[in-house]
Amino acid sequence: MKTREIDTQIKENSNILILADYSDGNMAAIYFAMRYLYRPGSLVHLIQTWQKPNFGSSMVRDLSPMLENIATSELNNLKKYLQSRYSMPDDQIILISFEGDLTTFFKTATYTSQHWQVVLGSPNYENFLLRKNRMNEVIDNVSEDLFVLTGLDKDNSISEAFMLADTPKTNSSNLSVLKKIAISEKPNISVCLSSLFESQEVRKRRVLPLIENCKGAKLIFSQVEKGEGQKEIQEFLRSGKSKLIVFEKNLNRKFQNGIKSCLDSWLLKSKGIRV
């Protein structure tokens, strides 16, 4: 299946992208996207990546067709779930089986020509931390609003949320999402302000829209001690509660700081293939 190029005439429609490589968290990601991001006319994109291994014997390297078939099969199953659970019309579900990693996809015309709300789910916070190098790559390169779900229970409730406030302001669409969550979930929302907001007056202007839109939730404000907020996020993830992390669009965010990405063997393992 080739990456489907999207007609520019639907650019203004809401584009939701679910990173379906994280298979164990896909149902939570779909639930969140449909409850808090979807609106009539939204396009729901599901992406699975696969790539030819660059290590091992020729037999291992020739696993590409199998990896592509696995990705395509998983995408079709998710499409059937969307259609049966949410009565989604066929033309509002776009499947992307992409040869390469997510960082490469984020640089394609398919991605850069659109505005996105990106969602991924991880079954628990331990998995999130174990894959932090790969997560850092996603966070650095997504260049759009990113919603990360981890440790959600079967009812997909969100008990705690974390927002890294490293942009000049929170855009209206994200305020709307947070407002819906605050009303329906009444979670604790931790807002961590970056070093952009040093003075008390600047911090006040930054947090006021959040206070106004998150009535019903318990808001907790803090400041990044150093770096980009990695330490604060890891501390937030330590408890085993159901969580949401919001990263707003920031082209200058750098979490990875030169850390190498995970080996292809992790990707193979994630597809259920042992080599």
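Hi everyone. Let me begin with a term: a residue counts as partly exposed when its relative accessible area falls between the buried range, under 20%, and the exposed range, over 50%. Please keep in mind that this is a predicted model.

With that in hand, let's look at Ile211. This residue sits in helix α9, which covers residues 200–213. Its relative accessible area is 38%, so Ile211 is partly exposed.

Now to Glu248. Is this residue buried or exposed? Glu248 has a relative accessible area of 2%, so it is buried. You'll find Glu248 in the loop between β9 (243–247) and α11 (264–270).

What does the side chain of Glu248 make a polar contact with? The partner is the side chain of Thr167, at 3.3 Å. A polar atom of the Glu248 side chain also lies 3.3 Å from the backbone nitrogen of Asn171. Leaving aside residues up to four places away in sequence, Glu248 touches a list of residues that includes Glu144, Asp145, Lys169, Arg206 and Arg253. Thr167 and Asn171 are among the residues touched, too.

Last stop, the cysteines. A disulfide is a covalent bond between the sulfur atoms of two cysteines. How many disulfides does the structure hold? The count is zero. As for individual cysteines, Cys192 has 0% relative accessibility and so counts as buried. Cys214 is buried as well, because its relative accessible area is 2%.

Technical notes. Residues numbered from 1 in each chain as written. Predicted model: local features only at pLDDT ≥ 70, side-chain atom pairs only at ≥ 80, totals over all residues. Heavy atoms only, no water. Helix = DSSP H or I, 4+ residues; strand = E, 2+ residues; numbered from the N terminus. Buried < 20%, exposed > 50% of the residue type's maximum accessible area, 1.4 Å probe, protein only. Polar contact = N/O pair within 3.5 Å; in protein donor to acceptor, adjacent residues only side chain to side chain. Contact = heavy atoms within 4.5 Å. Disulfide = S-S within 2.5 Å.
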